Amino acid sequence: MTILYFAWLKEKIGKDEEQVDPPAEITNIGELVEWLAQRGPGYADAFADREIVRAAIDQEFAETDAPIEGATEIAFFPPVTGG
Amino acid sequence: MIRVQTEDFDVSKEIKALTQGKTHIGGVATFVGLVRDMAGGRSIDTMTLDHYPGMTEKMLAKIEAEAVARWNLDASLIIHRYGPLSPGDQIVLTITASAHREAAFEANEFLMDWLKTKAPFWKREGGKDGDRWVEAKASDNDAAARWSR
């Protein structure tokens, strides 16, 4: 699946997009965050505040318990600040 | 209609294009958001808007469809810019048109309140002390919540 990062998550992780293949036991957004946070110091920093990071599955907002099975694109970003 | 673009927009041209030939429209409400030169006591020289191409357009279309359904609007438009901007620049435009002004005013407030909390844009402000990502405000969530039902 493709993972996208926006705003300061992109800066902390050092990339805006990557392909990942999480193990089968990673089934929802919360578990995916835990798994990604282990990938390096930049990831750990980006996901340090689990409460603030928002997610979208295939361009729809998704909660922590949302299943990721079948997803092609998952994005992580801070609360939005447009307008 | 919705548009996500780097270019500036001309409000009066957009109103004319939107209402052309629709003579049942009796009122048009517009809101234009501008880049401020101050934020939380800090002087701002630049603002850059990041967004999520694809999801942005989807969310704006959803927000607009919701407004059209709730207020039975005759015409509406959302334009949101992204990329580098400067103080005084236009960021966002919402236009709502209806037979009567109440619907136009209310729907316009709704569009901005939902856009602020649901459209995937992120502002980064640059000043003499460096660049900073803007933090979301609780007051924006409260403003959006008043439209929930």
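Glu73(A) lies in strand β5 of chain A; helices (H or I, at least four residues) and strands (E, at least two) are DSSP runs, numbered from the N terminus. The model is predicted: local features need pLDDT of at least 70, side-chain atom pairs count only at pLDDT 80 or more, and totals for chains, interfaces and linings use all residues. Residues are numbered from 1 along each chain as its sequence is written, while chains are lettered from A and ligands numbered from 1 in the order in which they are written.

Glu73(A) has 15 other C-beta atoms within 10 Å, so it is partly exposed. Here a residue is buried if 20 or more other C-beta atoms lie within 10 Å of its own, exposed if 12 or fewer, and partly exposed in between, with C-beta atoms placed from the backbone. Leaving out residues up to four places away in sequence, Glu73(A) touches Met1(A), Thr2(A), Leu4(A), Asp58(A) and Gln59(A). Two residues are in contact if their C-beta atoms, placed from the backbone, lie within 7 Å. Gln59(A) is 14 residues from Glu73(A) in sequence. Their C-alpha atoms are 7.4 Å apart in space.

Met1(A) belongs to the segment before β1 (2-5) of chain A. Met1(A) is partly exposed because 16 other C-beta atoms lie within 10 Å. Beyond its neighbours within four places in sequence, Met1(A) contacts Val20(A), Ala71(A), Thr72(A), Glu73(A) and Ile74(A). Met1(A) and Ala71(A) are 70 residues apart along the chain, yet 6.8 Å separates their C-alpha atoms.

Two residues were examined for backbone phi. Most residues other than glycine have a negative phi. Ala7(A) has a positive phi, near 55°. This residue lies in helix α1 of chain A. Ala7(A) counts as buried because it has 23 C-beta neighbours inside 10 Å. Asn72(B) also is not a glycine, and its phi is positive at about 50°. Asn72(B) sits in the loop between α2 and β6 of chain B, just after α2(B). With 11 other C-beta atoms within 10 Å, Asn72(B) is exposed.

Helix α2 of chain B covers residues 55-71. Its 17 residues should span 24 Å at 1.5 Å a residue, and its end C-alpha atoms are 24 Å apart, so the two values agree. The expected span is 1.5 Å times one less than the number of residues. The buried residues of α2(B) are Met55(B), Thr56(B), Met59(B), Leu60(B), Ile63(B), Glu64(B), Ala67(B) and Trp71(B). Seen down the helix axis, these buried residues fall within an arc of 165°, so they line one face of α2(B). The arc is that of the directions from the helix axis to the C-beta atoms. Ala65(B) and Ala69(B), on the other side of α2(B), are exposed. An α-helix has 3.6 residues a turn, so residues three or four places apart point the same way.

Chain B holds an open sheet of 4 strands in the order β1-β6-β8-β2, with mixed pairing. Two strands pair if DSSP finds at least two bridges between them. Strands β1 (2-5) and β2 (27-34) of chain B stand at the edges, each with a single partner strand, so one side of each has no neighbour in the sheet. From one strand to the next, the twist averages 10°. Strands β6 (residues 75-81) and β8 (residues 90-98) of chain B run antiparallel, joined by 6 bridges. Leu77(B) has Ile95(B) as its bridge partner in β8(B). Helix α1 (residues 11-19) of chain B lies across β2, β6 and β8 of chain B, at about 30° to β8(B). Axes are lines fitted to C-alpha atoms, for helices over the stretch in contact, and angles run from 0 to 180 degrees between N-to-C directions.

Strand β5 (residues 46-51) of chain B pairs with two strands in the antiparallel sense. Its pairing with β9 (residues 121-127) of chain B has 6 bridges, and Thr46(B) is bridged there to Gly126(B). Its pairing with β7 (residues 83-85) of chain B has 3 bridges, and Met47(B) is bridged there to Leu85(B).

Between the chains, 13 residues of chain A are in contact with 22 residues of chain B. On the chain A side, α1 (7-13) and β5 (73-77) each supply at least two residues. That side has 9 nonpolar, 4 polar and no charged residues. Ala, Val, Leu, Ile, Met, Phe, Trp, Tyr, Cys and Pro count as nonpolar, Asp, Glu, Lys and Arg as charged, and the others, Gly among them, as polar.
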